[in-house]
Each structure stands twice: as C-alpha cells, then as structure tokens.
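Work through the exercises below with the structure open. Try each task before you read its solution.

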Amino acid sequence: MKLEELRKIRERVQNDLRLRGGATRVKIVVGMGTSGIAAGAREVLSAFLDEIEKRKLTDVIVTQSGEKGLASKEPIVEVIERDRPKVVYGGMTAEKARRVVVEHVIHGTVVEGDVLAIVDAEKE
Amino acid sequence: MLRVVCVSGRGGEDAVGLGECPVVRDLADGGDLVDKLRVKIDGRTILAAPGKTILEVAEENGIHIPTLCHLDGLRDVGACRLCIVDLYGQLVTSCTTKVADGMEIGTQTETVRAYRRTILELLFAEGNHVCSFCVSNGGCELQDLACELGMHSVRVPYTYRRERVDATHPRFLIDRDRCVLCGRCVRVCQEVEGAHTWGFAERGVTARVITDLAVPWGTAESCTSCGKCVEVCPTGAIARKGASNAEMRKHPELVAELTERRARG
Amino acid sequence: MGKVKVATVWFSGCAGCHMSFLDIDEVLIDLVGRIEFCNSPITDLKVFPEGGVDVTLVEGAIGNEEQLELAHTVRAKSKIVISLGDCAVTGNVPALRNGIPPRELIEEIYGTSRTTNGALPYEVVPRLLERVRPLHEVIPVDYFLHGCPPPAGLIAKAVLALLDGKTPELTGADLKFG
Amino acid sequence: MAGRLDVLVCSGGACMSSHSLEVKEELVRQLEAQRLADEVRIVETGCMGPCQYGPLVLVYPEGVLYKNVAVSDVAEMVAEHFLKGRVVERLLFRSETADQIVREHRSIPFFEKQMKIVLANCGAINPESVEEYIGAGGYEALGKAVTTMTPEGVVAEMKASGLRGRGGAGFPTGTKWDFVRREASPKKVVVCNADEGDPGAFMDRAVLEGDPHTVIEGMAIAAYAVGAQRGYVYVRAEYPLAIKRLRSALEAARKLGLLGDRIFDTAFSFDIEIRVGAGAFVCGEETALLASLEGRRGVPHPRPPYPSTSGMWQLPTLLNNVETYANVRHIIARGSAWFASIGTGESKGTKVFALSGNVRNTGLVEVPMGTTLGELVYDIGGGVPNGKTLKAIQTGGPSGGCIPVQYLNTPISYETLKELGAIVGSGGVIVLDEDTCMVNLARYFVEFTASESCGQCVPCRSGLVRMLDILDRITRGEGSMEDLALLEELAHTIKRSSLCGLGQTAPNPVLSTLKYFRGEYEAHIRHKTCPAAVCAALFVAPCEASCPAHVDVPAYVTHLSNGDFAKAFDVHMKTNPLPGICGRVCYAFCETKCQRAQIEESVAIRDLKRFMADYAMEHQLAGPKPGARNGKRVAVVGSGPAGLSCGYFLAQRGYEAVLFEALPIAGGTMATGIPAYRLPRDILEADIDRIVKTGVRIELLSPVEDLGRLFADGYEAVFVATGAMKGQTVALGETLPRGVVTGVEFLKGIHVDGASEVGDEVVVIGGGNSAIDSARAALRLGAKRVTIAYRRAKADMPASPEEVAEAMEEGVEILDMTSPVGVVGGERVEGLRCASMAAGPFDASGRRRPVPSDRPEIVLPASMVIVAAGQEATGELLRGAGIEVAKGGLVAVDPVTMGTSRPGIFAGGDATSGPATVVEAIGAGRRAAIAIDRFLGGPGAFEPEERAEVATDYDEDAYTQEQARAVPPMAEVRTRIRSFAEVRGRFAKEQAIEEARRCLHCDRQQTEDGACCESSASLAAEAKTR
C-alpha cells in the first residue's frame, strides 16, 4: 500500500463516520412526530439523507425530533448552523428538502418561501 | 600468573594506587592484553577480569560468599538468593551479576547477613530437614549453611511437607521433602548430560522437580542413570540407594571438572 | 554466691540429650560444686520448683498438652531457657508425625498393633497436640543447642559460659544440626 | 453506507457478558420491522468505559448514551427515538451531583473529566473494521514514520514525548527504544506484553478488543524505529475475544499491506504473530514472558542481561505493554510536544485506570496524569455508594498499595503515588469504603501473589506463604505482636531479595497497609477485634461488631422474633443498660452493617429496640440484680450515658457506685441537649430509674471540684465522664449582640430551665445533630422561619440523614455552602452575614473543603442566631488532678481500659472523645467499669458464660425472600411542630415480630475460615434471584 491509497480509504470512510461527532457545521432536524410522519416527514428525511450523501457533505448531520405542535405546517424542518439564527421551514416535501440542501446548506441562502420562523439562538 | 601492565599511569600492581590508574591490563596466558576492572569488595580494591561474576571474583580473592543453587560448571540462575550482596544499596545475586568497573560491593553487611539468614530459615521451614537421620548428615550444604550463617532457630513455623519418596529408580531415589529446589539436578541433566530428564512442575509452594513428564523416576525413559544429579544435589534429596544415615558423600565438583575437560576437548 | 539453680526437662525426645549432658565427663564434677539440680529426669525430681530456677535446659519437642503446660511453667519460672538438642530446636524426629491426624496415629499404634489389646488411651494419657512444635514456637527461648544429640562439649561450653555470667558464643560448627 | 443514525452497541467484554449482543440482534430485528434498516446503522464497538451500566448503546449524531439496555427496551428505543426522535429518558444516565438526567454522553460526569487518547477509538469505531480505523486517522502515523522520518527521528520523538511504560514500572519508553535501536544485531524483535494479570485490571483487554489496530500500528512504528522485523503479541488465553479481534485485525492489515513486505512502498518489512499464554501472573514479568514466548517454562531470570540486549532467542528485543503501544501513533501523528503538554512533570500523557470497588461508576477511565485521586473517585467515579465513607484507594493491584483518604488531593503520577507507598502500576484502582478490613485486604493480595509465585526463588516462594500464614493468624485473632514484627521483616526481606518484580512488589500491600493502618493490625492482635467487621472469627455478627457497646443484636432480635420480649430485654441489659434511650436516639451503627441490606434494607434494629424498651417499661421489667457487695466504693463524676453505664456495670460486680451530678437532673447531654420530641423525658427517667434500682446512687446538685477529695472520702477509684458541654462559638465578632446563643445554651435552656424565648426568624449555624435539634426546637417554640446555614455541601452534614429529612419536612430551610462571617445588628441581632462557599480541595476526612466562592455575601435576616457548630470538653477536673489535657479539653486515655496517666483515675465518654454518640459513651463506661474492677483486684471480665445462639420457632426460610423494612408510624408534620411530643411512633407487636424475623442470623453463619457472612450474603443474593 502507498500512503496515497491509505488517504483515499480514509476520505471514503470519513464520510461514513461523520455522524459520530467531529466537525458538524449544519444540523438538520426533521420533525418526526405522528403528524409529521403522516404529512410525509419520512420522505423528507430520506431526501435530505440522499442529497447529503450524493453531494458528499461531511459536515452536515440529519437528526429528528418529536412533535412540534404545529400540525398544519408539517413536515417541519429546522436548519441549525453555528453562530446563525435557527431557520424553521414548514410544509416540506422531498423536493423542497433537496432545495434546502443546495441553497441553504451549501450556499447559505435561506429558502424564503418555506420559512416558518427564524429564531435567534439567544431567545430560545 | 598475573602480570599487570598499566597502560597509562604508573606500572606494577603494588606500586599502583589502583584508584588512580584508569585502565589496568593483564597479560593473560596467551599473552593477549585483557582489560582489567577495579572493584571494591568489602572495602578491598580488587582487580577483576571483565565478564566475570562478582561471585567468581570474590572467590578468586579469598572472599567467601555463601551459595546454594550455584555450582561451578552450571549456568547460574540466581534462584536461592543466598549469594546476595550489597551493590550501592541494591541487593543483587553475586552469581549472576557481572563485575563492572568501579563497583563497590559489600558481601557481609548487616542487612545482607540478616536477609540470608531469613532466607535460610525459609528453606529449613519449607522442607523436612531432619539432619539426624538424613543420608547426607555431615555432608550437606544446607546443614553447613546453618553453621555458616549463624542460624540459631527457625522463627517461622515448619510446614512438614509430606511427599512420597520416589525409589522407583534401580540405583537412586529422591525424597522431595529434602529438596530445596535449587535446580542443580535439572541443569546438570540438561546442560551436561543432555538428557533433559529432570524438570520443574507446578509453581509457588507446590513447585517440585520431576522426571520426564512427572512419571516415576524408574520409568523415565530419558534417564541415562548417569548419577550426575545425585552428585550435584546439595542435600540428601537425591541419593544413592543403600546409603544409610550420614553415609552419603557427594562430589558436585565433578561437574566443573567434566565441563573443563570437555572444553579442552 | 550461692549455687546456680539448674533444671532440665524432658519432653518429646529420646533422652539422648540428657545422656549427652552426662557425657561431659569431668566437667560434671566441676558443675556439681557450682549448680544445684532442682528438677531433672536425672535426679528423678518430678515437680518443677515453685521458687523458680536460673537455667532450664529443655530436651524434646512439644507434643502433648501436658508438655505444653509445663513449657509455660518452665518459662515463667526460669530466668534462662535453653532448647537442648534438635527435637527442642526444630521438632526433629517427633515432628515427623505432623500431618497425620493424632487420632489416626493412636488408632494405628495402640489399636491395630498386636502389642496391645486394642484399648485406645484417650483418657489416661495427655492429649496429643495437633502438631508437634519446637519449643520456641510455644515459649520464648534464650539459647539453642543444636545436635542430635548436642555434643557434650557444646553443652559444657554453654553451661560453663552461663555460670561465668557470660553469653555462650554459639557459632560455626556449634550450630550443626544432626 | 452512511445513514441518519449510527447506533453503537458496546461489545466490550463486560457489556457482552450482560447480553449486549442480544440487544444488538434485537435492534436489527426492530429496525427491520420499522423499515429503518437503511437509515440506521448498527456498529459493534469496543469498551465504552462505564462497564457497570452495560449493555451500553450510544446513538449518534446526538450522542445519546443509553445504559442498562435490555432486549425488552429495544422496541421502545427504536419506535420512540429512532423513528420519532423522542429520546427514551428512563434509559439515560443521571448525574449524581445535580440529580438530573443527562442526555449527551459527553456531559455525563463520568466522561467529562476524562481525556481519551488510548481509548479514543474504543467504543467509537467497529474494532473489526480496518476501514473505520483508517477513517478515524489510523495508520497515518505509521505512514508518516516510515515515509518521512528516520528511525532515529522516531526514537527522538518518543524520547521527547516523555511517555513511560504503562505496564507498571514506568520506564521511559523512548530510552528503551534507543537501547534496542543501538544494538548492532541485524535481527531484532518487538514484543507486546498483553499478559494483563492484575485482578480487576482490564485496560489492555479493552484496547485489544476495542481498537486492535492501534496496537498493531504502535508495534509497527516501534519495529521501524528499533530495526525489528518480527513482532509478537503475548496475550493470555483468558482473553479469547481480544485474540479473535486481534487476529482479524492482523489479517486485515496484512491484506492492505500495512503489515508484511515493503510497507508503504519502503524498505521496511514487518509482521506480527500472536502467542497465547496460559495466564500465569508471573508471565507479565518480561523475562518470564520471553521464556514462555519461546516455549519454555515461564520463570523469570535475573537481569542483566536485559531483553533490549538479549531477549527472545537472545535477540535484542523491545518489550512494551499494550497501552504503551496504543500511545505511539498519537505521539507520532500529533508530535511529542503535544503529548508532553499533557500530564505533570515526569509523568506525561494520560493513563487508563480500571476503576472498581466501592464506587458508583465502575469501569475504564482515561485521565491525564496529574488528575487528583479525589477527582478520579468523586468526579468520575461518582463517589462511594450506600452512604458509606471512603477509607482508602488501592492502586497498582497486588504490587501496589493503599492510599488513605487524607491524600485525595494527590495528583496521580508515577512519583507521587510511589511517595505514598503505592504505584500507578498497570492502572487498577480499587475504591475501599469503611467496611473494608485492611488486614483482610492485604491478606487477599498476598494470597494471590503467593499462589502466583513461580516457585523459583526462595524468598518469594517460601516467604509469601509464611506472610500469608501470619496474616491468616492475625485475621483469626491468633496473631501476636511478635508475628507482626516477623511479618514486617519477611516483607522487607522478600521485597529486597526476590529475583523478579513479582516477589519484589508482592509485600507492598502489607507494607502500605502497615504504614497507614497499623492500628487495624493491632486491633486484630491486641484487642481481638476487626474494626471493619470483616474478619469473621473476631465477632458474633457485623451488627454486634459495629456496636460500640457490643450489644448482642442477633440474640435479642431473635428473641423478639420469637415473641420473647423479656428475654430480649435481658440480653440487651447485659451490655447496654439504656434501651429506651438508645431505641430512640442511637446512631444505629449496627444497621449500617446489617447484611439484610443486600436483599432490600437493613433490619430496623433501633425501632425494634424501642419496641422492646417500651415493653419493658410498661411491664416494669427490672434490670439484673446487683452483685453481692464487695465493700469497695467507686466515684463517677457525671451522670451522662458514660457515667450511668459505668455505675451500672460497677454495681453489677458488687461495687458501691456513686454518681456525682452538678445539675439538678441526671442524664447529662441526654437531658440537656436532646429535645423531648426525640427523647421523651419519661423514657429518659425510666432508663435512669432502672439503673438506680440496680444499686447505683446518683447525687444531684453535687459538683465535684477536686478529685483528690473523692479519694480522701474513701473512694478507691474515680471515673470522670463530664462530657463535652461547652458550646463553641464561631468567630462572629468581638462582642455579640443579644440574640446570639450557642446551641448548647439554647437546648439546655428549654429542657432544664424551661425557657421558651425564640425569635421569629432563627438562623442556626452548623450541620450536626445539635444544629438540627436547635432548628426543630426553635420551630416548636414558635419561630416563623428557621434556616440552617452550613458551610459544606448538604450531603456532607454530619447530622443523621433521617434527622435532616424530618427537619426539612417540618419546614426548616437548609442553606448549604453557606459560611457565616459576621452578625448584623446593634444591641439585638438583626441578621447573619454569610459567604457563599464553593467546593475546594479535599480535606483529611475525604470531604471537599469549602472555600470562598466569587459569589457575593448574603445577609440572612435573623432575630436569633443559634451557633451549634461544635462542642468541647473543659478538662478542668482532670487538669486539676495533674493529668495532661489537650486542646479542646480532651484527655488521652487508653482506648481499652479508659485509664488516664494517673492510676485509679479513669475517664471516658465525650470528655475524652469529644462530642460523640450515646452508645459510644455507654461502651466507654462499660470498658471503664471492667478496667476499674481489674484495678481493684477483680477479674475484670463480665461474661464468663458462653454465648448461646437463640433458636427460633418459626420458618426462617420464609423470611429470606424480599420483605420491605417495617416503618413505624410518624406524627404528622402539622401537629408535630406545635409541641415537643414524640415524633416517631412505635411498632405494633405483630409488626415488631415480623420485622425481627427479617434478621438473617449472621451469628450462626460463621464458618471456621469463611469471610464474614459469606453465606448470608449468598443467601441474600439467592433470595434476590428468586
């Protein structure tokens, strides 16, 4: 084996291990309460995972939470970035999820149309 | 014949303040120059050939150190710990420690003597050393050590071992109650006879010498019945059959003679 | 100065040490003038003197309850106690029974032997201790005379030294067992 | 494939034995069922550390750590957490300090102070996946070393790092590498010592099981540095999982070319073999290990030659321990400077410890060198469970030593521990609580080393069994002081003259316990007692042993269980004449050692005693008849529990005992200091009356000023038991305003003088029972608000937890970490200024010392301040008799005879011990009576008769099953704070009998050589499984 080969393996696997801590830049929380799931949160979640995998984003993690209490706006997704206000999206679909990844997560532009709220970390 | 040449500094052993002479050389038999080291034993400065053990150097210079597992001609293992000496406050076995230049060694310090005595007491307590009816009475190294080390009584309780005597060999027998586990039989069998009949089994207080795979000695097929183990055994543990009380006299010095002759070819 | 009071006692042993004591030949004559034998198998005095003695020489190991008790009396009433011979010093031959339960021993010796009628002496003789012990395991001992028996000369040397108020110098060959 | 969740299931040895693999299988099933298999990945990992909470499941990305996961919990975990995102709270850790649930595993105190280098991958990656190892940065260091560094450079880096051998001896690793590197031999060997053998130590196993590649990489780097071609891992057969994982790791590494020829395309070739040892402890010694590795008998040989010059097959051999190798790649990858920045002076980096014993969190922990022992035990270990106190910390296994509680601030390093007579060793740390007998502990270790001695050299082979023999005798109560001297001599001889490290260190447990706990050895020898109630031959039962008055608890409790109340009372009166009082206010040391607690809770011994005492009072049972008069008179000064007890036992032996009491009432502190709601006065009087009826005279209002007078009056001996009645005042200022009183004055005022004045707002200073008594009494006198200010943490209050709880129920507010600094007010007190304290370093008692915090001072409004922070004796009387009196008025007495330096004068109780308990005073009085009897020519013994076990008339087996401890009725809070009526009620008759039957009869379960109550403990365990 050459050193370069070792590094290739490492890069490939690191993506696999990213969930277990380390440098997380963005955390996406999908509301997976009963109403969220009924409204299609599972598909939204899969879309996020798929898109992140495809784009080899190693510093993004997707996690889930319970009911948010705003059933009419489900599926609800929160995008949390370090040192930036939390953005809450509502009425998400798989399609919209992919857009959030590209525009918000990668390019830092909030997808205005679907925003439910922008919450300052301070106020939480 | 020892001739000393001082390479730097003044010449002649008597003339030399050995402490000041950095390297001393000895014209050995073949005429080669061999570096000699200076060591101090019990306050005496002594010239020593490198590669020798403290015990060898001491004996060569008439300084007696008690030993039990050591035997000239056999590899040293440092098992009995009776030859411990004080080396800069550490206790080391003189049979396994090679001399180094400038060593200061105490062979008779208070601690060393006390510890040797305690170790001897432990040896007496762990076996059945009933000298009065032992074949080796009067010719036993353990018995002699009690005199030499001034052992008046054994302060720890005796254990009174009860091992069976193995008298299955036609000419010899072993009474393991008298065995001090010095391992001389094991080593002579391995290193000199090459039969590897004797070995050790088990550990701690149950450690014992065995023949072959712990079979009765008489059935140990590897045994050549050479009798070397009998001669090197320091106590009455391994003995000739037929020897009665105090009749057994051994000749452990034969081993050194044998190995020296072999070395000469 | 009055005579030095000396006692000797005989525990588990063969009496050989006492024989050796008698073997000190002409020294005995010297001794007779200087010591008073208070209790000794030699003189057949069976009670240990109430008033105590200066020196007691003890032959034999401690093998039964009576001996154990007497050993304590000896210690309490003697200024100096000497272990006389290998049995007292190490247990020696009597201690070879150690490891065999006393009951088995008695049954073997008194029960199955043809010399007796099979009556087991549990009541009338002192009970055997579980194991035979050297004297110093039972009481503090001041001097140890090795040998089986100790050579007469060694006994004489030790006793004479004590009579002169000196510590017996027991070294080298004096410490030979057996 | 990366999913949404990584679920890590610990498959370290401990978790596997608590069925973690079954949990994993269930997880797989449940994920299938919920169709989550694609999103959630299950990873088996190595040891996560907190082994006692296994099976452990760690869920990423949140980092939620679940503990004690059962197969039956899995469905809920998957449905709630993995599917719906709701963390299953009941399976989370709880913080001991804040008593709250902790979600993220990094915030669990157990992990917070740890620093994982060696264990970084353990519990974080799949040990059977070389890819995960590489993903976590693995083999990068090896690559760096062989492609960019020279062997000399690697060695230099190791030297600069300051890493020292983690196997125990702490030899500088870089120096050792240098020795081997400098050897000229073309062939060299690298050996990994994985023959971990210390009882309780399993760090090497955890590394091999959890991260085998880290060892392989470390060995490969070492081989490169020293010029070796072959490596061997010597691992014991008892570690099958480690062997399996190591084997698969070796194969994976070979497959990737990380072992074998031309590693990383360089000239460096290296491979490793596993050699399985049979598990002899001595084979951890390097020369013995090498002998065994070569296939010879595993016995050590003297060094020199050292393995670095002549090791395996006489080749230069580098031998390091698993943990040492596990550090290597980090040093190479991150640099020696980084590593050297961790730790202390001569001890760099981290050390893995296996924490076990009497500590809440057991398991593997890795901390930087320099972490204090206290942090290890309290912050990481969570402290000592079950309300017990810390006694000592044993480090270094059978070669190590015991460090007593006063050294908790010691930073852990090779040097500091050695100075204390212990060693870092391989990293075993056993936390010992008050119930540990140090003699027995030393005996345990010597038993271990004696049986593991190879038998080659005499001191170790023969000496250790002799030491064991002596320790056996001591624990059986048959040891003599000569034995102790011989034990010490043997220990030194073996330590200094043995051939190898096993023998040279085997005496350490004895030497270190002798250094710090010699008194415990002497207690076994001189007093034939085992203070920790462990050595079975020395006591009747743990309850009896722990009772300062040595009341035969099993006997009287068993009489109670039979319904023989009068017989129970008779048994009690033999050693303790104050059953009514003790049935109420006793600290019940007996209950803390009750073996029943291993099933559910201790037997309610004190409540049973109270039932019995009340029965005796109501049926007017008399105490035993006094002995025939012998005409001798003994004076006792003071009528507290010590005086009463002494007088009572003297009368039993026929003495005329006269108690002189200065106050108008008898009872000492029991009458003046204990409020009636705890100890009703009729009960107090009944106990005292009964003593008077057994022939003791009490002279009230008769202060004694001169002991000489007593002798002149014909008393032949005197017992001084004047108590510790002087209240201490905290330094609150020069002149104190009105309204500031001591607790002693306050309580005495209520019960002796009938005072009832109390302010509206009362602040009590202190944390002992007298503070609680003052607070609760103040409430009852009508105070509107009562606050206790205590300078330490609430958990450190010396008051009994029961009293504290009752006070809080009644509305007493406790402000802990609050230290008074001054009073506010002019003529009358108006408030108390207090500083807020923070927990500082540990003090000699093992508690954290309060230190001023940066929070501002507070002022507690107060119309009355009661200072109940300690009492002391005056010592005047004894000083007057020419006896030396120490600080605090205390007099030194012989703990057995209570004799002072003057013949005929004895002293005991609080006057000699400082403020203590009633039952301790009773014990002291009894001991004094025995000694006085002996002094005056008596036999000096009281119980010639053999102790008889009490038979029962019910089915005992029926009571070995779980049965809750009976609770007596309690007065309701709202009524009880209005009066001084007794708060605690009494058992009904049937209830008492039932409760008494919970006794496990430890007194019958003593075997000849068995440890304490082994059988009752196993009975308890058995009952639990039923």
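Contact means heavy atoms within 4.5 Å. This is a predicted model, where local features need pLDDT of at least 70, side-chain atom pairs count only at pLDDT 80 or more, and totals for chains, interfaces and linings use all residues. Residues are numbered from 1 along each chain as its sequence is written, chains are lettered from A and ligands numbered from 1 in the order in which they are written, and side-chain values use heavy atoms, with hydrogens and water left out.

**Exercise 1. Sort the chain pairs.**
Which pair of chains has the most contacts among the three pairs that touch?

*Solution.* 
Step 1: Set aside chains C and D.
Step 2: Set aside chains A and B. They do not touch, and their nearest C-alpha atoms are 47 Å apart.
Step 3: Pick chains A and D, which have the most contacts among the three touching pairs.

**Exercise 2. Describe the interface of chains A and D.**
How many residues does each chain give to the contact?

*Solution.* 
Step 1: Count residues. Chain A gives 31 residues and chain D gives 40 residues.
Step 2: Find the buried area, the accessible area (1.4 Å probe) that two parts lose on being put together, summed over both. Between chain A and chain D the value is about 3,000 Å², with 53% from carbon and sulfur atoms.
Step 3: Name the main contributors. Met1(A), Leu19(A) and Arg20(A) supply 25% of the area that chain A buries against chain D, more than any other three residues.
Step 4: Look for salt bridges (a side-chain nitrogen of Lys or Arg within 4 Å of a carboxyl oxygen of Asp or Glu). The rule finds five across this interface of chain A and chain D. One of them pairs Glu39(D) with Arg42(A), whose closest N and O atoms are 2.6 Å apart.

**Exercise 3. Examine helix α6 of chain C.**
Is α6(C) largely enclosed or largely open?

*Solution.* 
Step 1: Locate the helix (a DSSP run of H or I, at least four residues, numbered from the N terminus). α6 of chain C covers residues 152-163, twelve residues.
Step 2: Check the length. The expected span is 1.5 Å times one less than the number of residues. α6(C) reaches 16 Å from first C-alpha to last, close to the 16 Å expected.
Step 3: Count buried residues (under 20% relative accessible area, 1.4 Å probe, protein chains only). Nine of the twelve are buried, so α6(C) is largely enclosed by the rest of the structure. Among them are Leu154(C), Ile155(C) and Val159(C).
Step 4: Look just past the helix. Gly165(C) takes a positive phi of about 75 degrees.

How values were computed
Helices (H or I, at least four residues) and strands (E, at least two) are DSSP runs, numbered from the N terminus. Buried means under 20% relative accessible area, exposed over 50%, partly exposed in between (1.4 Å probe, protein chains only).
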